[in-house]
Amino acid sequence: MSVDGFLQRLRSEGRIVVVGASLAGLRAAETLRAEGFTGTLTLIGDEPYEPYDRPPLSKQVLLGRGSAEHTALPRRRAIDAEWRLGVPATGLDMAAKRVRLADGDEVPYDRLLIATGVRARPWPNEAEAGLDGVFVLRTRDDAVALQRRLAEEPRRVFVIGAGFTGSEIASACHERGLPVTVAERGDAPLVGALGGVVGRVAAELQREHGVDLRTGVMVTRLEGDSAGRVRAAHLSDGSEVEADVVVVSLGATRNTEWLAGSGLGAGPRGIACDAGCRAFDIRGIVTDDIFVAGDVARSPHPLFGYQFLSLEHWGNAVSQAEIAAHNMLSDSVDRRPHMWVPAFWSSQFGVSIKSVGVPSMGTEILIAQGALAERRFTGVYGYQGRVIGAVTFDQTRWLEFYQHLIETTAPFPPPFPTVDRRSDGQRPLPADFPDPSVPTHGPTVTLSGYSPADRRITFTPGRH
């Protein structure tokens, strides 16, 4: 047998451990088997369920149109894996190549894929967060608990945070006929992800559907009654909103704490990896046996100035998992870069909102088709003279075209006229994003700098 043949056989055998029984973890496992991996495969997950689809949780499940039990992800092929479910990973020994589990067990590996994703950021006051009627929405159990409470027809639902998830929750409450108040510290819903121009359209949309939207305010305190049930929320403008259900939607925290002290380049912004999904250690040296995929990863992207991007996207999780799995089994010359262009979608108040690229990187926006007032438009974002992102409200057919412009670094504003450009799209406007130095729960794409080993940044939750 040749040396190349021996190395290929070595890569197709051995022990691969996937930490994170998630969408990314499952698709990586399937790709490993599809590409000829015949060794032992172990998937570790902190939840007791096999991988399931999260987007329906804030949509069909909250509306009572689908059950959480039916959100299991379809299998594309058999993976012949050992499942370690309901037992989170608590540590990593890179030298000994072992993953430590909460039950005291250790799982050895030859190659490791980390796909631990994110979790919902809780309300920072633990006593208030523990009141009966205070919820977050991230997991299957979260969705079941919240749906049951909504089915009891509470007098009012109070949502803290008007990012995509908070807005979708408000939309579900409206559709169920429940009075709902939304508090947002920014000037408008979705402002961290799409900027103020589009955010103001989202604000009008919510208010026209009866949402009591409070912007530019923070929640200072959640008040409970004598039985430990939430009773009211107190706001920074001195007002008080009575509610018997409060949903905290302050964005996500990346699941990296279990890697503290491991020597891996992991921190609050995720796990740094190269474009081939190989993890960096804290010295900035790339590892060759530890890979990262999904929401927890932060990797450089050539289309966006080689900044490290952390992406909370369904499609990114799939694409990155497939690239990571392929590269785990490949020679260096056969490895592929992860070049997926971010894309995201949301459905709220009867409107389909989809984006491509990194809108939050844009400094200007041009309404290229349609009109803001009609809630049917395409907005194109520009950064340093090139197209960097696009968003559509009920105009999905244009996204593929603008994705091509992003991929080819087309100039901004686009030099061509469009058929359906109205008066508010004759010239670019300031995109009006909030100060990027202020932590925000809004973006689904986070630009996280250039240093793969930067551990200086910490996030301290404050009052919303």
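Cys-273 is buried, at 0% relative accessibility. The model is a predicted one. The cysteine sulfur closest to that of Cys-273 belongs to Cys-277, 5.4 Å away. A disulfide needs the two sulfurs within 2.5 Å, so this pair is too far apart for a bond. The total for the model is zero disulfides. Cys-173 is also a buried cysteine, with a relative accessible area of 0%.

The largest nonpolar core holds 68 residues. Val-157 and Leu-194 have the most contacts inside it. Helix α6, residues 191-208, is the top contributor to this core, giving eight residues. A second core is separate and has 26 residues. Among them are Phe-37, Phe-291, Ala-321 and Ile-323.

Leaving out residues up to four places away in sequence, Leu-194 touches Phe-164, Ile-353, Ser-355, Pro-359, Tyr-381, Val-391 and Phe-433. Tyr-381 is also one of the residues that Arg-386 touches.

Arg-386 sits in strand β28, which covers residues 386-393. Is this arginine buried or exposed? Arg-386 counts as buried, because its relative accessibility is 16% and the limit for buried is under 20%. What does its side chain meet there? A polar atom of the Arg-386 side chain lies 2.5 Å from the backbone oxygen of Leu-303. The backbone oxygen of Ile-406 lies 3.4 Å from a polar side-chain atom of Arg-386. Arg-386 and Ile-406 are 20 residues apart along the chain, yet their C-alpha atoms are separated by 7.9 Å. Beyond four places in sequence, the contacts of Arg-386 also include Thr-409, Ala-410, Pro-411 and Phe-412.

The peptide bond from Phe-412 to Pro-413 is cis, with omega near -5 degrees. Pro-413 lies in the loop between α8 (399-407) and β29 (429-430). Most peptide bonds are trans, and most residues other than glycine have a negative phi.

Two residues here have a positive phi without being glycine. Phe-349 has phi near 55 degrees. Its place is the loop between β24 (343-348) and β25 (351-357). Phe-349 is buried, with a relative accessible area of 6%. Asp-394 likewise has phi near 55 degrees. Asp-394 is in the loop between β28 and α8. At 27% relative accessibility, Asp-394 is partly exposed.

Notes:
Residues numbered from 1 in each chain as written. Predicted model: local features only at pLDDT ≥ 70, side-chain atom pairs only at ≥ 80, totals over all residues. Heavy atoms only, no water. Helix = DSSP H or I, 4+ residues; strand = E, 2+ residues; numbered from the N terminus. Buried < 20%, exposed > 50% of the residue type's maximum accessible area, 1.4 Å probe, protein only. Contact = heavy atoms within 4.5 Å. Polar contact = N/O pair within 3.5 Å; in protein donor to acceptor, adjacent residues only side chain to side chain. Core = buried A, V, L, I, M, F, W, Y, C linked by side-chain atoms within 4.5 Å.
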